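Biologist: Please put the model up, and then I will ask what stands behind the terms you use for it.

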Amino acid sequence: MTEHIVLSAILFTIGCVGVLTRRNALVVFMCVELMLNACNLALVTFAKQHGNLDGQVAAFFVMVVAAAEVVIGLAIIMTIFRTRRSASVDDASLLKY
Amino acid sequence: MNDFPWLTLLIVVPLVGAVVTAFLPRARGSALPKQVGLAFSGLTLVLAAVMATSYATDGGMQLEEQHSWISAAGVHYALGLDGLGLLMVLLTVVLVPIVLVASWADADQGSPHAFVGWVLALEAMSLAVFTATDVFLFYVVFEATLIPAYFLIGGFGRPGRSRAAVKFLIYQLVGGLVMLASVIGLYAVSSDAGTPSYLLSDLKSLDIGTQTERWLFLGFFVAFAIKAPMFPVHTWLADTTEKATTGTSVLLVCVLDKIGTFGMLRYCLGLFPGASQWATPVVVVLALVSIVYGAFVAIGQDDVLRLIGLTSLSHFGFIVLGIFVFSTQGGSGAVLYMVNHGMGTALLFLIAGFMIRRSGTTLISEMRGIEKVTPVLAGVFLVAGLAGAGLPGLAPFVSEMLVLISAFNHAWWAGAVAVTAIVLAAIYMLWMYQRTMTGPTPTPVAVEGAPDLGRREMGVVAPLLLGLVLFGFFPMPLLNVINPYVESTLAEVGVTDEPSVVPVSDPVPAGSVEGGQE
Amino acid sequence: MNLTDMSLSVFAADAGHVPVLDPTPASGAFTLLWLIIALPLAGAAILLLGGRATDRWGHLLGTATVLGSFVVSLTLFISLLGRGAEDREISQHLYTWFQAGTLDVGMDLLYDPLSALFLLLITGVGSLIHIYSIGYMAHDERRRRFFAYLNLFVAAMLMLVLAENYVGVFLGWEGVGLASYLLIGFWQYRPSAAAAAKKAFVMNRVGDMGLSLAIALMFVTFGTTSFVAISAVSGEASQNTLTALGLLLLLAACGKSAQVPLQAWLLDAMEGPTPVSALIHAATMVTAGVYLVTRSNFIYELAPDAQTAVVVVAVVTLLWGAILGCAKDDIKKALAGSTMSQIGYMMLAAGLGAAGYALAIFHLLMHGFFKADMFLGAGSVMHAMDDDVNMRHYGALRRAVPVTFITFAMGYLAIIGIPPFSGFWSKDKIIETALADNWVVGLFALLGAGITAFYMTRLMLMTFFGEKRWAEGVHPHESPKVMTVPLMVLAALSLLGGVMLIGDWIVDFLAPVVGEPPHEELAVPPIVVSLIALAVVAVGVTIAWMIFGRRPIPREAPQEVSFVTRAARADLYGDAINDGLVVVPGHAVATGLTTMDDVVVDGAVEGGSLAVAGLGQTLRKVQNGYVRSYALSLLGGALLVVAALLAVNLA
């Protein structure tokens, strides 16, 4: 069990660092997905440990949400890319003070 | 006229008037909205006058209405009228038509629909404030008065008015917020004691712990002190009167500000008698500071409208002083002062407005010698100024004397400080008159044809002048309403007047010693 | 000077018996009492509200109302004389003015010997001055308004002396102040007139603070402000209270009667039209302070310290005014200085207690006659000289304006105290009584008489004698009948007024109100005092003649003069003292507080809102638009929550 949790933590950390450090919107997006999947792994692991399905159900919810997010998020990134010719998140910083 | 909801009708009529005026067809330069508004305010005046005839002077709370509103919190829609409320209602309904007529030209600079509509809305809200007998209802309408007031200040007047309106609003909202805390606190206390109720009558019988009472008192008092206004929370006043139209200033200073002192009497003294007495030393000192400070600062002003606004700081100091010395003379003097100040300051603002329209400036340093061109205007201006300075024979004198006497009775130094106001008031009024009205070469007057007061303007100032002189010599009709109210209030607080040092052997009052003559 | 001399205080305390007022309700003719006030009041109201429509006959109506009041006053006076001495106090309750708790203030009138004499003076001299003004103001386009204000003044002054309580007195007191303000500033287009009017009103108000506080203290002490009620119980109040009352009333009297230290407004008040100076600032209003002290005898008799204060103020003013009178070249200001000085004599008499009240009133009446006579005479001279007031531009007018000269001369002889003119009887008695009471005070009074003789002789010589020093184009002419007839009447009164003292009539007449004067023994017979006084007067006249009669008078005032003259020309630096002590600091306080209001009080509020705005400005920088920095703060927040949870769970 511990290995699964540790793996989950490592994956989450990689995702986290990726979100914080990368500029490319697609990479950031993939890192977010990585964090979501790290969470899913943890949820499934705990479900197995406790012997009920709650965690697995929660993992399904996360997947559905992630899928929806991908649909909308990719669309937004595409639109931004089309207008600005760039997929860098730092360039899309107009919404500020 | 027992069960008929007279007070609700009184509030609804101007409110309906406001809505009707707002939706009138918009023709350019049409006087229709002003005429309709005047008709509605006139109707309100008639209604109030009819009500006043049925009022029994020593009958306590009358014409009561009561319906449950939010039963979970014990909130009621409850109205009632006592002596204080009656006078404030009458003051309001008399001043609103006068303001509408006086602002005939001012209203046209924006949309007259909006001006008249907001004025009527303000009248309705003020009437509700003066008749509410449920603390929660009072709070709601207390805050609601700010909406029309904000738009009146921000929409009409001199450049810089938006900023003044925001300052006014924030000041008042801060006060309202503090009061809200106390209103909620009252709910807590009242539900602890059993069923929650916001009715004044229920809250008065509530037994509140000393500490709690003081905190709750403070919440209400701060709100009312900002409203009144008192030193040091007065700085919205001059900014507002400087920028707003004089009609708006009349409504603000003569009606809306009265809510402050009205609230002190009805809520601070009524609900928290113990805490009110506890706070007396501080409040008396603040009132004295207001009196002297307001007068000195008024002397230093160069803007007519700021000056008049600041004189009110001094006058409200007198009112608060009268309330918090806890004696019959002080209480009666304070309530009478509220009425007299309403008339006197209204006249002063309006006549100053007429003067400013003619001279085209609000700055004293740019005016001179106007008396030569407009002797009648100058005469009325002088009378209004002298009324503000407490000249005997004009209404404010009686109230000022009563407050002075009671202040002296409270502590000799309080009387000695307050009395300096009669010199300072003479200085600010007469100096202003000297600089604006006298001198060899008059300021060019902007109104062609008839530079002196026109028919409409005379119609505006005449009732106020009449009131000032009439109540200067015959204030008893007002005092007959005030005295029973003050006596019952002081009885609730649980104080009695100190007897004089040397008892006069003859118990019959001095006036009737030599009686005899009709 | 040793004014706290025991003899003064002990004597006053000995006076003992204070008469209690005990009026009977008005009946018969006395029910018309209210009419005396109502007539001029109605006149003022009609003339002010009627506007231009009343321009043509306004002056006639104004005069008629005052004449009407005079007729009623005279009728009542005769009826009063028909009553027994103990029955001469009549009260009339009109209505309750205001009432709250135990405070009950009635619109009550009190008609007794004291107010009866005042009524005759006010309406009598008032009528004459109204008649005179018809001629004097004939060419002023605002003549109607002038008469309206005069009527208002008469009504207020009558209220002052008829009121039965201190609040009623205050009504009249401020009413005459208002009328005085309006009339001093009648020619508003002159900045000096407007400033003088305001100065007079404000300085009066300083005195009014005293009256206001006195009313408050009376209510606190006695529970009433009525003369009748207080006179019955004043003895029961503590000594400190009575002294405080006396001093507060003295403050009020100082303001109204232009006594030191509130004297500075009177000379400036001469900016008003001359009939105003005659009526208000010589004959009636400025004597209201003397009335107040006399009326309050039931307080002063029991407060010897306050009486001492009255005497001190009176003596200082008596000399102060006399010195001013010596140096002024403006004929009206010289007369105003003299008025101040003469009121000092009245206050001195009133301060001497029961021995002096009647003499104060006597001198007040005589002064009303001869000073009104001289002021109106001065007006007539100014009329002749195209409104020039500088005496250095007069000279040799006795031929040009003979009637004015003769009437003025009679006033002159009266004021310097030459028998048998009225002033001799009244002033001589005061000096005598003062000497009997305290020789220091008496000597000052005597000195004052000498100075009076000096400056009045100077005035006479400069105006009517010597060389012609007229400005070019001035052709003096005698005034019309409507102006000279009042002068003749007043001159006759100045000559004959002394009859009131025959057999001590006035003293006995006033005794029910102010008490019987104690019998005091002077070391020397009264005739000796009179002779000494006459000798002092003769010295004063001689010195004046030596300086101004024998030598030509320059048209321009010489600038190389002694310090004393310079000081007197500058009103003994009264204005400088006021400016230095009150006006300048007061203005500084007003300016300072105004700045403070903007910077500190409002600054705190505005500063608070600025601080909030500044905080917002700073904090919004966090919102930088970079996703990663938002994510970092999100992470930080999440870590904080986790840490907090852990901390709670582990603890």
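Biologist: Where in chain C does C:Pro420 lie?

Modeller: C:Pro420 lies in the loop between helix 17 (402-416) and helix 18 (422-437) of chain C. Helices (H or I, at least four residues) and strands (E, at least two) are DSSP runs, numbered from the N terminus. This is a predicted model, in which local features need pLDDT of at least 70 and side-chain atom pairs count only at pLDDT 80 or more, while totals for chains, interfaces and linings use all residues. Residues are numbered from 1 along each chain as its sequence is written, with chains lettered from A and ligands numbered from 1 in the order in which they are written.

Biologist: What is the peptide bond from C:Pro419 to C:Pro420, cis or trans?

Modeller: That bond is cis, with omega near 5°. Another cis peptide bond joins C:Val260 and C:Pro261, where omega is about 10°. C:Pro261 is found in the loop between helix 9 (239-256) and helix 10 (265-268) of chain C.

Biologist: Why does C:Ala258 count as buried?

Modeller: A residue is buried if 20 or more other C-beta atoms lie within 10 Å of its own, exposed if 12 or fewer, and partly exposed in between, with C-beta atoms placed from the backbone. C:Ala258 has 30 C-beta neighbours inside 10 Å, so C:Ala258 counts as buried. This residue is also in the loop between helix 9 and helix 10 of chain C, and its phi is near 55°, a positive value in a residue other than glycine.

Biologist: Why does B:Leu63 count as buried?

Modeller: B:Leu63 has 24 C-beta neighbours inside 10 Å and therefore counts as buried. B:Leu63 lies in strand 1 (residues 62-70) of chain B and has a positive phi of about 55°, although it is not a glycine.

Biologist: Which chains share the most contacts?

Modeller: Two residues are in contact if their C-beta atoms, placed from the backbone, lie within 7 Å. Of the two pairs of chains in contact, chains B and C share the most contacts. There, 65 residues of chain C are in contact with 61 residues of chain B. Helix 7 of chain C gives the largest share of the side of chain C that touches chain B, 19 residues. By class, that side has 36 nonpolar residues (Ala, Val, Leu, Ile, Met, Phe, Trp, Tyr, Cys and Pro), nine charged (Asp, Glu, Lys and Arg) and 20 polar (the others, Gly among them).

Biologist: How far apart are the closest C-alpha atoms of chain A and chain B?

Modeller: They lie 23 Å apart, and no contact joins chain A and chain B.
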